[in-house]
Amino acid sequence: MAPDGRFFSLLNHTPSSLELWIGETATDRLKKIEKAAINASIGDAVEWMPDSRTLLVRLVPPTRGKMPEQPTTPNSPAIQETSGKTGATPTYQDLLKNPHDEELFAYFAQSQLALVNAATGQFTTVGKPALIIDQQPSPDGQHLLVTQIHKPFSYVLTFANFPKEIEVWNRSGLIEYKIASVPMQERIPLGGVSTGPRGVDWNPSETASLYWVEALDGGNPKEKVPNRDRVLSTKAPFKTAPAELIKTKERLTGKLLWSAKGNALIVSDMERQRRWLRTMLIDPKNPSAPAKILNERNQQDRYRNPGTFLTQTLPNGQRVLAESGGYFFLTGDGASAEGDRPFLDRLDPVTGKTERLFQCDADHYETVVALLSDDGSRFLTRRESPTQVPNFFIRDNKGSLDTFTNFADPAPQLRGITKQLVKYKRADGVDLSFTLYLPPGYKQGTRLPTVVWAYPVEFTDGDTAGQISGSTKRFTSITGYSHLFFLLEGYAILDGATIPIVGSPDEANNTYVEQLTTSAKAAIDKAVAMGVTDPDRVGVGGHSYGAFMTANLLAHTGLASPAPEPTTAR
């Protein structure tokens, strides 16, 4: 959507290309941009410029030619070269494997930047084709922040770790300022970060001012230093050396949030060993002034999570803190021992105190989608319950609730599914829970084949590990290739069974299998004790790290079998 809301863009997939279409909100008319094949192979390929009339896009280069063919015999061996230095390397899927893979990657990733006039459809190329992975216009639209990767490629790292150039271009594609030439990001310490600039972005409160983060500890969290990170800044015409804006004691985490006037900046840093997260308010115009700590807690302590700051869009399309009368706004899950109850708060940055403007009631699940008035007195919510289809509503601070949409139930046959929150403990006393789903028509006391669906999570202590996540007040829907299809085959599901791996970040996984086993056993034992689960017919499954959990449970225990394939899902 253009910043002023008059135009919007969409991509249309065809067998031969990805088309760019422009729509006009006032008339609903759509227009195809001719001869503009979009290359969306990596990241976002379309960005609106601040003028709301121009788009910055990545095109398939018109001179790209034919796709490289698989050679009948290799042109060269698959070579991996080592520097001779040791270092931990994560494992990844779908990496490049040989020279032909490299050719294919370079062929499909290469793109041509262009500026497209939304009204006329005319486009102007910017610079030369390159392996561009990100492009961001400055708030004044006169400069482009461009990141491109280049060879040598790696067979053990993802493309995000390939060598890259981070530059500022003018609208003609000429380099105005080189921020960094980043080498291959290998041998990054576990839990660490790369050296040199990272998180480069535009300051939304100024016309053309850049900022980025740099590590002061070599990116190594085990180094003992007074400050781990700093934020540097420089502005057009980029003739002076970058100035240090702030330093943080611990590692900066998350995105920096600026106020519209640039006089407030929200930053967070985290100590890795304790996962201790601090959220601070800083005055960028007076960086020597001490930071005001707004909140500090264990990052995984859901019950004390103050929420996420709401943002608003400026006329130039930049996002800044939503602010009214000196107040900021926060929304969050509202986690509690009985499940999530989302909320909207108003924060006074001077006192650090919050005022609750709204919290979901105990019988629904209702989240704040957007503010409809600057002061937070009117806002849009999405409201649902186990029997109420998710719909949007308009609320005000006097308690009125007006229907905005009226969507019908897309799958009434699922309403016979029931669910409940079940709490229990594992052998070492850590609190655990799962959401018990029962199939339509279930008769109390009937023992069912059961699927345990889970995803392990590492925690530093048992208290946060035992906190409740999610809500049983959500509307039950099944999308994609979901494990919930088992319900339609008469299975019970122990969904989101908590599998905490408790301990320090460096030692928690020393007892990984033991903690997996005791957590899974506790879940199965609880469901058996409730009279729901047949202990001889238990399957286990999970996605990603949950699949790794599944393999370990099958290899090291006799608690369960692989979850069968639900025929209904085919």
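Guide: Happy to! One definition first: two strands count as paired if DSSP finds at least two bridges between them. Please also keep in mind that this is a predicted model.

Let's start with strand β27, which spans residues 378–384. This strand is mostly covered, with five of its seven residues buried. On one side, its partner is strand β26 (residues 365–371), and six bridges join the two in an antiparallel arrangement. Within that pairing, V368 stands opposite T381 in β27. β26 and β27 make a hairpin with six residues between them, and G376 in the turn has a positive phi of about 80 degrees. β27 also pairs with strand β28 (residues 391–396), again antiparallel and again through six bridges. Here L380 is the residue facing I394 in β28. β27 and β28 form a hairpin too, with six residues between them.

Now to another piece of strand architecture. Four strands form an open sheet in the order β11-β12-β13-β14, with antiparallel pairing. β11 (198–202) and β14 (243–248) are at the edges with a single partner strand each, so one side of each has no neighbour in the sheet. Ignoring direction, neighbouring strands of this sheet are turned by 20 degrees against each other on average. If you want to see the pairing of β11 in detail, look at strand β12 (residues 209–215), which it meets in the antiparallel sense over three bridges. In that pairing, R198 has V213 in β12 as its bridge partner.

A loop residue deserves a look as well. Q318 sits in the loop between β20 (311–313) and β21 (319–321). Is Q318 buried or exposed? Its relative accessible area is 16%, and the cut-off for buried is under 20%, so Q318 counts as buried. Leaving out residues up to four places away in sequence, Q318 touches P137, S138, P139, P204, Q312 and T313.

From there, let's move to the nonpolar cores. The largest one has 31 residues, and Y424, F434, L436 and M549 touch the most other members. Among the elements that give two or more residues to this core are β30 (418–425), β31 (431–438), α3 (512–529) and α4 (545–556). The biggest contribution comes from α3, with seven residues. L436 makes contact with T418, K419, Q420, V422, A492, I493, L494, M530 and V532, leaving aside neighbours within four places in sequence. There is also a second, separate core of 17 residues, which includes F7, I33, I38 and L59.

Finally, how do the two helices α3 and α4 meet? Their axes come within 10 Å and cross at roughly 85 degrees, so α3 and α4 are roughly perpendicular to each other. On the α3 side, the contact involves Y512, V513, L516, T517 and A520; on the α4 side, it involves Y545, F548, M549, N552, L553 and H556. Sorted by class, this contact of α3 with α4 has eight nonpolar, three polar and no charged residues.

How values were computed:
Residues numbered from 1 in each chain as written. Predicted model: local features only at pLDDT ≥ 70, side-chain atom pairs only at ≥ 80, totals over all residues. Heavy atoms only, no water. Core = buried A, V, L, I, M, F, W, Y, C linked by side-chain atoms within 4.5 Å. Buried < 20%, exposed > 50% of the residue type's maximum accessible area, 1.4 Å probe, protein only. Contact = heavy atoms within 4.5 Å. Axes fitted to C-alpha atoms, helices over the stretch in contact; angles between N-to-C directions. Parallel < 35°, antiparallel > 145°, perpendicular 65-115°, else oblique. Nonpolar A, V, L, I, M, F, W, Y, C, P; charged D, E, K, R; others polar.
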